[in-house]
Amino acid sequence: MARALINLPKTAKAGDVIAIKTLMAHPMETGFRPGADGRILPRNIVTEFVCRFEDEEIFRAELFPASAANPFLTFTWVATRSGRFSFTWRGDGGFDQTETASITVA
Amino acid sequence: MSTRSGRSAMDRRRVLAGAAGATLAVALRPAIAATLPRTETTEAAIRRFLGDNPIRPGRVTLDLPPLVENGNTVPLAVSVESPMTAEDHVRRIGVFNEKNPQPNVMTVHLRPGAGRAQVSTRIRLADTQRITAIAEMSDGTYWSASADAIVTLAACLEG
Amino acid sequence: MPRRSGTSPPAALLAILLSGTLAGAEPIAPADRRSGFDQMSPAIQAMQRDDESNPGLLAVADGAELWTARPPSGRPACSGCHGEAASSLRGVAARYPAWDARMERPIDLQDRVNACRREHQGIEPLPYESPDLLALTAFVATQSRGLPIAPPDDDRLTPARNRGRALFEARQGQLGLSCAICHDDLWGRRLGAAVIPQGQPTGYPLYRLEWQGLGSLQRRLRNCLTGMRAEPFAYGAPDFVALELYLATRAAPLPVETPAVRP
């Protein structure tokens with residue numbers, strides 16, 4: 001499992017706009033770069049990131065080799081009720097990882 | 001840090017003048033990366049994103065550092081003026097580059113309920129170039145902003 | 001920030017290089033010491049400062065996990081002896097390199113991690129620049145974040161520290177440069193578009209955008225030596241530890257920034 005860091009408030013008031021920040025350890029090898037032996041290193045990137053709240057998709061990003069290594073994404077959501085966010089990164093070589101984080105809304 | 005402006009012409013001239021005089025920097029730099037052939041033009045990638053719809057300038061703010069110390073990791077933030085309600089929201093934001101080997105930077109899909117149309121990430125810039133962000137609204141209109149980033153020559157690279 | 005003005009920096013630098021008239025480089029006085037952080041763009045400063053976005057924290061999180069992982073030898077995890085790192089390790093990295101009585105030589109923080117593995121955990125040392133060694137070292141160093149670098153006042157370190165200073169000030173390689181020419185005398189000026197930093201090792205292991213990942217001070221020093229067209233020392237070489245020792249003395253009392261972010 002690659003290391004993922006997810007930051008969002010543990011608690012919020014209903015109606016608060018919360019910031020969600022995600023960081024995923026991944027080389028994002030572009031497929032355009034030669035390795036030490038002079039041959040082009042095969043592309044190895046995260047191609048898709050999806051955030052769901054209680055199984056409803058709330059944010060999706062399609063990524064390309066122009067994303068920096070260790071992809072970082074931030075976005076917002078209005079807290080309306082307590083529940084669980086899930087975060088899924090998918091990419092080359094069968095990369096597929098899901099993390100979760102919960103929020104309590106008062 | 002601003003949307004498209006004329007400011008950068010002067011900065012670029014000054015920076016290039018500095019770099020041209022820096023023979024040592026060139027001597028220390030092992031090799032200048034070759035430009036790779038592009039897989040698709042920026043225009044074609046943008047056309048795939050918006051079809052035949054017109055683009056209007058405005059509503060979109062694109063933040064990019066005007067001077068980039070290392071093109072491997074460049075913070076980028078896009079925000080769009082929108083209430084993000086079911087009736088009136090941003091559906092997608094596409095970000096495009098001019099000079100990387102591949103024109104797409106990122107496409108994000110937003111939902112009403114996001115509160116704000118505000119996204120940030122980190123991108124790669126192979127060279128000094130213009131980045132364009134285009135927002136697709138729920139009424140089918142497209143809005144855009146561009147920003148220029150000057151990728152400076154790093155003096156001490158690994159190699 | 002630039003202390004001197006006058007002719008354009010590259011020309012001045014070249015003149016110095018060609019004439020070879022640089023008289024005895026003076027070390028930077030404590031009050032004038034500056035972290036490379038101060039010379040970075042606000043965008044990269046923000047990346048380092050914000051714990052929710054600093055990419056170096058990915059490795060620190062890995063290190064935290066390794067800290068509590070029981071080794072296959074059945075001996076205790078790091079935490080088994082040291083307990084809560086936030087208290088037991090606070091300030092430790094600020095005092096490294098330090099004298100190791102068992103090996104009878106100065107060792108840096110990476111050597112310390114590996115010495116613990118060998119002596120107390122009965123497991124193999126980790127290779128230099130391996131993700132696990134960087135992660136553990138970064139985790140340990142992060143516990144000293146914000147504390148001033150405080151090299152030990154230990155006479156046994158003096159010979160290596162002097163050796164480190166001699167290495168720092170000696171011209172090396174095909175360009176005839178020394179570390180001191182750029183980092184003692186010309187810091188704040190430009191080399192190409194980049195501002196020359198003082199070369200203060202305040203944030204290692206650090207996340208360098210150039211590397212797209214975390215790396216050690218020795219990796220950075222190898223880059224410098226290669227850039228000077230000098231033969232880089234091997235990882236773990238006593239000369240590297242000597243340089244690290246002098247650099248720590250030269251950087252005090254700047255605060256530890258691990259995991260720093262640099263271009």
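Trainee: What pattern does chain B follow along the sequence?
Mentor: Reading along the sequence of this predicted model, chain B runs α-α-α-β-β-β-β-β-β-β-β-β. In numbers, chain B has 3 helices and 9 strands.

Trainee: How much of chain B is buried?
Mentor: Of the 159 residues in chain B, 43% are buried.

Trainee: And the contacts, what share is between residues 24 or more positions apart?
Mentor: Taking the contacts in chain B with a separation of 6 or more, 71% are between residues 24 or more positions apart.

Trainee: What holds strands together in general?
Mentor: Strands of a sheet pair through backbone hydrogen bonds, and the pairing is either parallel or antiparallel.

Trainee: How many bridges join strand 4 and strand 7 of chain B?
Mentor: There are 7 bridges between strand 4 (residues 74–80) and strand 7 (residues 117–123), in the antiparallel sense. As for a particular residue, Ala77(B) has Ser120(B), in strand 7 of chain B, as its bridge partner.

Trainee: Where is Asn70(B)?
Mentor: Asn70(B) is in the loop between strand 3 (67–68) and strand 4 of chain B.

Trainee: Buried or exposed?
Mentor: Asn70(B) counts as buried, because it has 23 C-beta neighbours inside 10 Å and the cut-off for buried is 20 or more.

Trainee: How far is Asn70(B) from Arg124(B)?
Mentor: C-alpha to C-alpha, Asn70(B) and Arg124(B) are 8.8 Å apart in space, and they are 54 residues apart in sequence.

Trainee: New topic. How many residues are in the largest nonpolar core?
Mentor: That core has 127 residues. Val78(B), Ile93(B), Ala133(B) and Ala135(B) have the most contacts inside it.

Trainee: Which element gives the largest share of this core?
Mentor: Helix 11 (residues 238–251) of chain C, with 9 residues. The core also draws at least three residues from each of domain 1 (9–50 + 154–262) and domain 2 (56–142) of chain C.

Trainee: What does Ala135(B) touch?
Mentor: Leaving out residues up to four places away in sequence, Ala135(B) touches Arg59(B), Val60(B), Val80(B), Val90(B), Ile93(B), Tyr142(B) and Trp143(B).

Note on methods
Residues numbered from 1 in each chain as written. Chains lettered and ligands numbered in written order. Predicted model: local features only at pLDDT ≥ 70, side-chain atom pairs only at ≥ 80, totals over all residues. Core = buried A, V, L, I, M, F, W, Y, C linked by C-beta atoms within 7 Å. Buried ≥ 20, exposed ≤ 12 C-beta atoms within 10 Å, placed from the backbone. Helix = DSSP H or I, 4+ residues; strand = E, 2+ residues; numbered from the N terminus. Domains from an automatic or database assignment. Contact = placed C-beta atoms within 7 Å. Pairing = 2+ DSSP bridges.
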